[in-house]
Amino acid sequence: MPPEPAATPAADADASEEPASRRPGIVVAAPVLGAMALVSAWTGWGGLALGLVAVAVALVAFARLRGRDLSRRGPLAGLALGLVAVVIAVAVEWSTLAGAVTYLETGGVRTLDECMRQAQNEKEQHVCKSQHLDEYRARYPSEIDP
């Protein structure tokens, strides 16, 4: 059997480079984060935060893949899932966001009664109780704090 030729410096340089078929970790992270965001979007704020992170990671992955001959399906899936998660999370938290905007617009001068009358769901009532905690505790001392 003939001896193998000695490794050349050019072959060593090629061995240290990343193989063309290997995907960077960020390409895999984008759809994983997008899927996690979509699953947690129903919780509201957690889904919104993860969705925004998934969108950002997908955009970074697209930037890193520019000019390379790799599939862009992973970042595209991460971007799509992240955007859907953001939309769902905003829809879930819309009443809370609307209540906070109303509170800021009125300068927060509403009383507990006014706030409770305008509350459209249980979550908004909880926000009212939290905003008027002293008044709520004075009126309902036997109730558990919100």
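Modeller: Start with a definition: buried means under 20% relative accessible area, exposed over 50%, and partly exposed in between (1.4 Å probe, protein chains only). This is a predicted model: local features need pLDDT of at least 70, side-chain atom pairs count only at pLDDT 80 or more, and totals for chains, interfaces and linings use all residues. Residues are numbered from 1 along each chain, and side-chain values use heavy atoms, without hydrogens and water.

Biologist: Why is serine 40 called buried?

Modeller: Its relative accessibility is 17%. Buried means under 20%, so serine 40 counts as buried. Serine 40 sits in helix α2 (a helix is a DSSP run of H or I, at least four residues, numbered from the N terminus).

Biologist: What does serine 40 touch?

Modeller: Contact means heavy atoms within 4.5 Å. Leaving out residues up to four places away in sequence, serine 40 touches Gly46, Gly47 and Leu50.

Biologist: Why does valine 32 count as partly exposed?

Modeller: Valine 32 has 45% relative accessibility. That falls between the 20% and 50% limits, so valine 32 counts as partly exposed. Valine 32 also belongs to helix α2, residues 25-40.

Biologist: How do you know what span to expect for helix α3?

Modeller: The expected span is 1.5 Å times one less than the number of residues. Helix α3 has 21 residues, and 30 Å is expected. From first C-alpha to last, α3 reaches 30 Å, close to that expectation.

Biologist: Which residues of α3 are buried?

Modeller: Among them are Gly47, Leu48, Gly51 and Leu65. After α3 comes glycine 67, with a positive phi near 85°.

Definitions and conventions:
Helix = DSSP H or I, 4+ residues; strand = E, 2+ residues; numbered from the N terminus.
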